[in-house]
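Colleague: Hi! Could you walk me through this model while I look at it?

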Amino acid sequence: MSPGERLRRYLERQLELLASYAELQEKIEESVRAGQAEQLAVQAELARRLAGECQELERAARQLAPAGSRLPGELEARLAAGREAALQAARRSQAALSGSLQELAARIRELAGRPRTPSSPFTRIGRPVMIDIQS
């Protein structure tokens with residue numbers, strides 16, 4: 001396989017990964033809105049792996065591309081559009097997650113600010129108490 005064919009294959013795989021990443025970010029946004037923390041954790045780990053693989057392909061493609069050469073226009077445009085779509089999806093899911101975390105922090109502050117109900121006097125039955133015999 002020639003370096004040009006390998007470069008094209010890497011770039012097409014990168015396009016597939018970007019599309020999968022954008023779809024996964026939409027699923028992450030849905031999980032955040034639904035409050036599914038376990039599913040969100042799994043999806044975030046998968047998104048991290050996809051981003052890492054995409055980054056590795058980017059590095060490999062940069063090494064294969066001859067210095068100063070340009071990618072085919074159609075492929076370059078598709079890559080730019082895929083990157084932009086993935087970035088926008090990531091921003092939307094990040095905004096949803098940030099909003100959810102802010103709501104959770106507000107709820108925790110609200111619960112922490114509530115006065116605690118005093119315990120019943122009956123809960124102290126059987127607990128040793130010091131008595132002043134001299135008075």
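Predicted model: local features only at pLDDT ≥ 70, side-chain atom pairs only at ≥ 80, totals over all residues.

Colleague: Thanks! How many helices and strands does the protein chain have?

Modeller: The protein chain has 3 helices and 0 strands. Read from the N terminus, the order is α-α-α. Helices (H or I, at least four residues) and strands (E, at least two) are DSSP runs, numbered from the N terminus.

Colleague: And what does the C-alpha trace span along its principal axes?

Modeller: About 100 × 25 × 25 Å. The radius of gyration of the protein chain is 28 Å, while a compact globule of 135 residues would have one near 14 Å. That radius is taken over C-alpha atoms, and the globule rule is 2.2 Å times the number of residues to the power 0.38.

Colleague: What span do helix 1 and helix 2 reach?

Modeller: Helix 1 has 32 residues and reaches 46 Å from its first C-alpha to its last, close to the 46 Å expected. Helix 2 (residues 37–64) has 28 residues and reaches 41 Å, close to an expected 40 Å. The expected span is 1.5 Å times one less than the number of residues in the helix.

Colleague: What happens just after helix 1?

Modeller: Gly-35 takes a positive phi of about 75° there.

Colleague: Switching topic: which residues of helix 2 are buried?

Modeller: They are Leu-40, Gln-43, Ala-47, Leu-50, Cys-54, Leu-57 and Ala-61. Buried means under 20% relative accessible area, exposed over 50%, and partly exposed in between (1.4 Å probe, protein chains only). As background, an α-helix has 3.6 residues a turn, so residues three or four places apart point the same way.

Colleague: What covers those buried residues of helix 2?

Modeller: The cover includes helix 1 (3–34) and helix 3 (73–113). Over the 135 residues of the protein chain, 21% count as buried.

Colleague: Is Gln-14 buried or exposed?

Modeller: Gln-14, which sits in helix 1, is buried, with a relative accessible area of 2%. Leaving out residues up to four places away in sequence, Gln-14 touches Cys-54, Leu-57, Glu-58, Leu-79 and Arg-83. Contact here means heavy atoms within 4.5 Å.

Colleague: Which side chain does the polar contact of Gln-14 join it to?

Modeller: The side chain of Glu-58, at 2.6 Å. A polar contact is a pair of N or O atoms within 3.5 Å; within protein, one must be able to donate a hydrogen and the other to accept it, and residues adjacent in sequence count only if both atoms are side-chain atoms.

Colleague: Now charges. How many salt bridges does the count come to?

Modeller: The count is 11 salt bridges, each being a side-chain nitrogen of Lys or Arg within 4 Å of a carboxyl oxygen of Asp or Glu. In general, side chains of opposite charge can pair when their charged atoms come close.

Colleague: Nice. What does Glu-53 form a salt bridge with?

Modeller: Its partner is Arg-13, with the closest N and O atoms 3.1 Å apart. This pair links distant parts of the chain, Glu-53 being in helix 2 and Arg-13 in helix 1, 40 residues apart. Glu-53 is partly exposed at 33% relative accessible area, and Arg-13 is also listed as partly exposed, at 33%.

Colleague: And where do Arg-92 and Glu-26 lie?

Modeller: Their side chains meet in a salt bridge (4.0 Å, N to O). Arg-92 lies in helix 3 and Glu-26 in helix 1, so the pair ties together parts that are 66 residues apart in sequence. Arg-92 is partly exposed at 38%, and Glu-26 is partly exposed at 39%.

Colleague: How far apart in helix 2 are Glu-45 and Arg-49?

Modeller: They are 4 residues apart, which is about one helical turn. Their side chains meet in a salt bridge of 3.6 Å, N to O. Glu-45 is partly exposed at 33%, and Arg-49 is partly exposed at 49%.

Colleague: Which residues do salt bridges with shared partners join into one network?

Modeller: Glu-26, Glu-29, Arg-33 and Arg-92. Of these, Glu-29 is found in helix 1 and is buried, with a relative accessible area of 14%.

Definitions and conventions:
Residues numbered from 1 in each chain as written. Heavy atoms only, no water.
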